Amino acid sequence: MRWFTLYIAGIVITLHASVIKPIPTEIKVDIRKAELGKRLFFDPILSKDNTVSCATCHDLQSGGDDGLQFSFGIKGAKGSMNTPTVYNAVFNFRQFWDGRAKDLKEQVTGPIENPVEMGHNFEELVEKLKYHPIYKKLFKSIYEEGVSKENIADSIAEYEKRLITPNSPFDRYLKGDENAISEQAKEGYLLFKYKGCIICHNGVNIGGNLYNRFGIYKDTNSTEMGRYNITKREEDKFVFRVPSLRNVALTAPYMHDGRFKTLREAVVFMTQYQLGRYMEEEEIDAIVVFLKTLTGELPSDIGRVP
Ligand code: HEC
Ligand code: HEC
């Protein structure tokens, strides 16, 4: 059964089973850059007042986010978007909920200069690191020009490439291990396909590779405008990057505004607002069980640098 057909809103859609792909077990990284990037990822030196690191909001021990509706930056400042996980972010086609950064490297400059996150500016940060006994040497040993904005971003992005979570039960199932997931999870996967979730959530990240409107059949009362902020086009109002569902069981609360505490609520909402469907309790249960099989293995090097 390599091809399957969906009937959504009177339209016939035929998709290939491989629209969802397993996470590769490894991607090549430059070890020295990644080691430097890791040190920076955990170091509050990146923030203006040395209190907040990337790991403050992206806790690698618990899903790569912080479990809060909105995160706190320097001096207790509160953000307005839910923190997504950094795990598998490398596979997203653009970064951020509205896709404003084209890749991980471009993304890094966002939080460092965001006043409600790290509140720093690169001129000062580069100076700070240039005179730092450890960083001065590390940057020089890897990059000819030493510390620079470009190299700070480059090394952190290199580390983030290691933050991938292969071998989830579902990936093992995709690769042919029939016993890797339960019968109920298989049922959930069928529903995920035939009810149409897979139209938006597909690819390696089961999301993260296209934009869509938040709320197709009903108004979601979102106060954030999404892509509209960037393009100013009417049709981009409330359009967001479809989020990845990898490790979704670990990344509550859900949606760009963190409005739901449980996965079940998020799934029920999706069926009604994105698909205009009603689903039975058991169908929702099965989809939730399926989503839980998307939790992969954490990488080995996520401990803080001593
Ligand atoms: C104060 C909390 C906070 C800090 C500190 C922080 N982030 Fe984030 N991060 C967020 C929020 C919130 C978003 C989503 C913002 C948006 O989409 O508008 C985000 C988004 C991201 C994304 C995009 C993920 C995706 O799915 O689009 C990556 C990657 C990321 N951060 C990495 C980092 C790195 C690297 C650092 C350190 C340089 C960092 N973050 C520091 C809160 C934080
Ligand atoms: C038409 C596209 C579309 C369809 C179909 C769709 N989704 Fe979504 N999904 C989205 C978008 C867009 C978001 C992000 C909404 C936002 O801006 O907060 C999302 C968010 C989610 C989230 C929250 C993820 C997080 O990290 O916050 C879950 C869980 C989810 N979808 C599951 C499903 C399930 C299960 C189905 C099928 C019942 C489904 N989706 C159908 C587009 C879609």
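Predicted model: local features only at pLDDT ≥ 70, side-chain atom pairs only at ≥ 80, totals over all residues.
Residues are numbered from 1 along each chain as its sequence is written, and chains are lettered from A and ligands numbered from 1 in the order in which they are written.

Q: Which protein atom is the donor to the iron atom of ligand 1?
A: Donors are N, O and S atoms within 2.8 Å of the metal (3.2 Å for Na, K and Ca); water is not among the atoms, so sites may look incomplete. The protein gives the iron a single donor, 2.1 Å away. That donor is NE2 of His58.

Q: Where is His58 placed?
A: Helices (H or I, at least four residues) and strands (E, at least two) are DSSP runs, numbered from the N terminus. By that numbering, His58 sits in the loop between H2 and H3.

Q: Which side chain has an N or O atom 2.8 Å from an oxygen atom of ligand 1?
A: A polar contact with the ligand is a pair of N or O atoms within 3.5 Å. A polar backbone atom of Trp97 is 2.9 Å from a ligand oxygen, and a side-chain N or O atom of Gln107 is 3.1 Å from a ligand nitrogen. The side chain at 2.8 Å from an oxygen of ligand 1 is that of Arg241.

Q: Which helix supplies the largest share of the shell around ligand 1?
A: Helices H2 (54–57), H3 (104–113) and H6 (149–160) each supply at least two shell residues. The largest share, 4 residues, comes from H3.

Q: How many residues of the shell around ligand 1 are charged?
A: Ala, Val, Leu, Ile, Met, Phe, Trp, Tyr, Cys and Pro count as nonpolar, Asp, Glu, Lys and Arg as charged, and the others, Gly among them, as polar. The shell holds 15 nonpolar and 8 polar residues, and its charged residues number 4.

Q: Is Asp98 buried or exposed?
A: Asp98 lies in the loop between H2 and H3. Leaving aside neighbours within four places in sequence, Asp98 is in contact (heavy atoms within 4.5 Å) with Tyr211, Gly226, Arg227 and Ile230. Buried means under 20% relative accessible area, exposed over 50%, and partly exposed in between (1.4 Å probe, protein chains only). With a relative accessible area of 7%, Asp98 is buried.

Notes:
Heavy atoms only, no water. Polar contact = N/O pair within 3.5 Å; in protein donor to acceptor, adjacent residues only side chain to side chain.
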